[in-house]
Amino acid sequence: MHGVIKTLFIVIVILTGLLTFFYFDGKVWSKTSAKVLSFSRSQGLKDTEIPDFHKINIGPFHNDNPVPCTCQKTDPANRFVPKDELDDLQKRRAEEFRKHQIRTGKENDVLILAPANTPLQYPIRGFRVTPMNKTLIPGLALQTQSRAVYKVSLRVQKGLLSVLDVQEGEQVNGQNEKHLSISSSNLQQLNDLLSRVTYTSTVYHIKTQDLAYFSFENHEVIFPIEIRRLSVPVLFDVGKDVNSQVTVLIKAFLRYKELNVLINSIRQLYPKIKIIIADDSLKPEKVVGDNIEHYVMPPAQGWFAGRNLAVSQVTTKYFLWVDDDFLFLNETRIESFVNIMEAVPELDVVGGEVEGNQFFFKLEYEEGSSEEGGCITRVSSRTHAPLPGFDSCFFVDGVVNFFLGRTDAVRRIGFDPFLKRVAHTEFFVDGLGDLLVVSCKGLRIGHQKRSHTDKYGSFRHPPQSDSQAKMSHHFFKNHLKCMKY
């Protein structure tokens with residue numbers, strides 16, 4: 001009995017090996033339908049019946065038909081555009097969105113599937129070339145069973161292919177062309193030729209991508225070639241203490257009494273730290289003190305224009321943003337912000353809390369269709385996930401007006417000077433997907449007693465017409481169908 005079982009086991013092993021041989025070599029395929037996951041960026045993954053693996057389309061797939069998003073309990077942004085201007089504005093928006101897609105490399109945002117059990121070896125990611133420079137393609141090889149002749153081909157769109165040092169008798173067709181084929185009766189020789197294949201981009205671009213199609217018999221794979229100009233690092237010397245790491249930024253308007261109280265509270269804890277003030281008051285007053293830079297702007301230029309000015313003058317790695325009526329407390333510690341930023345270099349913004357108010361929010365965004373635009377909703381007091389290693393910090397999309405910002409990252413986003421009076425969330429909308437933001441409990445600052453004058457209040461609370469102009473602005477600028485706070 002034991003001998004029979006042993007014999008059956010050997011037979012099963014041999015049959016398994018034969019089936020594997022044919023399966024990998026593309027000779028025998030099961031006729032039974034197989035369920036394969038197909039992909040839509042708008043609809044996600046779904047089951048599709050595929051009767052023959054050789055007929056699977058591996059891509060590239062473009063997201064050409066995104067599903068329109070739905071505005072729930074909010075008016076469409078185009079309602080705030082004058083009717084006689086809407087058609088022309090929509091045409092201009094569509095053209096600017098098309099150019100934006102080109103600038104941001106949307107054409108390269110494609111889905112590529114890896115075929116099952118291919119005998120082709122190739123780089124799946126990380127192959128980067130500098131524009132118009134010849135570069136060896138790493139890792140190309142064929143692994144298959146014996147044949148009389150082995151033949152592979154490669155093709156690209158934005159460059160030329162070639163094989164280095166081709167010797168007499170080596171069969172290479174299409175040298176320095178977009179389509180290259182290599183054949184040999186010897187697999188080792190073929191793989192030696194593949195190890196010498198080069199790619200040279202013919203299109204100068206500082207950041208784009210080509211796709212290489214690599215095929216053997218009825219097998220084909222696709223792999224990306226990243227074309228990128230090398231960039232030069234821009235570094236900040238953090239020095240030896242917080243004074244060389246952080247600059248305190250303040251946007252001032254009318255409230256000089258509160259501003260001076262804030263400055264005095266800063267100086268009690270940080271007597272040497274630089275303070276930059278952007279001031280667009282109607283009648284500017286002098287603000288003096290050691291290591292204070294006071295920039296006087298034209299009157300009432302607005303909240304974001306002042307932020308832009310202040311950030312533009314920062315020479316330190318980080319800046320701390322505070323309002324002009326805040327108050328440094330004994331427990332206000334800039335170093336705590338810096339320690340988090342330095343421990344997690346990917347972070348761009350770390351938010352704190354103002355008088356116990358740890359305001360933060362998530363932004364729920366759907367791209368929508370290219371014709372109608374996207375839908376965005378601000379959801380207060382919602383987080384994404386905890387920041388590993390810091391129990392009191394959570395990933396969010398926006399924070400309160402007391403935050404430490406990474407200077408170079410915030411400069412890349414900027415503050416829209418169109419938004420003069422009420423603006424905060426809008427900065428984080430512009431930075432969505434580009435700024436990595438956390439909110440941390442325990443990083444505290446105080447707030448002075450509120451004593452707004454009538455004149456200040458008239459600027460702080462804009463008329464309805466300003467709100468309508470703001471929504472019309474976002475309709476075009478952020479390609480939005482609707483925006484809900």
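**Exercise 1. Find how many residues lie between strand 20 and strand 21 in their hairpin, and describe how these two strands pair.**

Step 1. In this predicted model, strand 20 and strand 21 form a hairpin, and three residues lie between them.

Step 2. Strand 20 covers residues 360-369, and strand 21 covers residues 373-380.

Step 3. The pairing of strand 20 with strand 21 is antiparallel and runs over seven bridges. Within this pairing, E364 stands opposite T377 of strand 21.

**Exercise 2. Determine what strand order the open sheet of four strands has, and which strands stand at its edges.**

Step 1. The order in the open sheet is 24-20-21-27, and the pairing is mixed.

Step 2. Strand 24 (398-399) and strand 27 (480-484) each have a single partner strand, so they stand at the edges, and one side of each has no neighbour in the sheet.

Step 3. Strand 21 and strand 27 run parallel and are joined by four bridges. In strand 27, L480 is the bridge partner of G374, while K484 stands opposite T377.

Step 4. T377 therefore faces a residue in strand 27, namely K484, and T377 also has E364 opposite.

Step 5. As background, strands of a sheet pair through backbone hydrogen bonds, in either the parallel or the antiparallel sense.

**Exercise 3. Decide whether G174 counts as buried or exposed, and list what G174 touches.**

Step 1. G174 is in the loop between strand 9 (171-173) and strand 10 (179-184).

Step 2. The relative accessibility of G174 is 17%. Buried means under 20%, so G174 counts as buried.

Step 3. Leaving aside residues up to four places away in sequence, G174 touches L161, H179 and L180.

Step 4. R155 is 19 residues from G174 in sequence, and the C-alpha to C-alpha distance between the two is 9.8 Å.

**Exercise 4. Compare the span of helix 4 with the expected value, and name the strands its buried residues pack against.**

Step 1. Helix 4 has 14 residues, 256-269. From its first C-alpha to its last, helix 4 reaches 20 Å, close to the 20 Å expected at 1.5 Å a residue.

Step 2. The buried residues in helix 4 are Y256, E258, L259, L262, I263, S265, I266 and R267.

Step 3. These buried residues pack against strand 14 (246-252), strand 15 (275-279), strand 16 (292-296), strand 17 (318-323) and strand 18 (326-327).

**Exercise 5. Identify the nonpolar surface patch that includes Y204, and place Y204 in the chain.**

Step 1. The patch is formed by M132, Y204 and I206, which together have about 330 Å² of accessible area.

Step 2. Y204 lies in the loop between strand 11 (197-201) and strand 12 (207-216).

Notes:
Residues numbered from 1 in each chain as written. Predicted model: local features only at pLDDT ≥ 70, side-chain atom pairs only at ≥ 80, totals over all residues. Heavy atoms only, no water. Pairing = 2+ DSSP bridges. Patch = residues over 30% accessible without salt bridge, like charges linked within 9 Å, V, L, I, M, F, W, Y side chains within 5 Å. Areas by Shrake-Rupley, 256 points an atom, 1.4 Å probe, with all protein chains shown as cover. Salt bridge = Lys/Arg side-chain N within 4 Å of Asp/Glu carboxyl O. Buried < 20%, exposed > 50% of the residue type's maximum accessible area, 1.4 Å probe, protein only. Contact = heavy atoms within 4.5 Å. Expected span 1.5 Å × (residues − 1).
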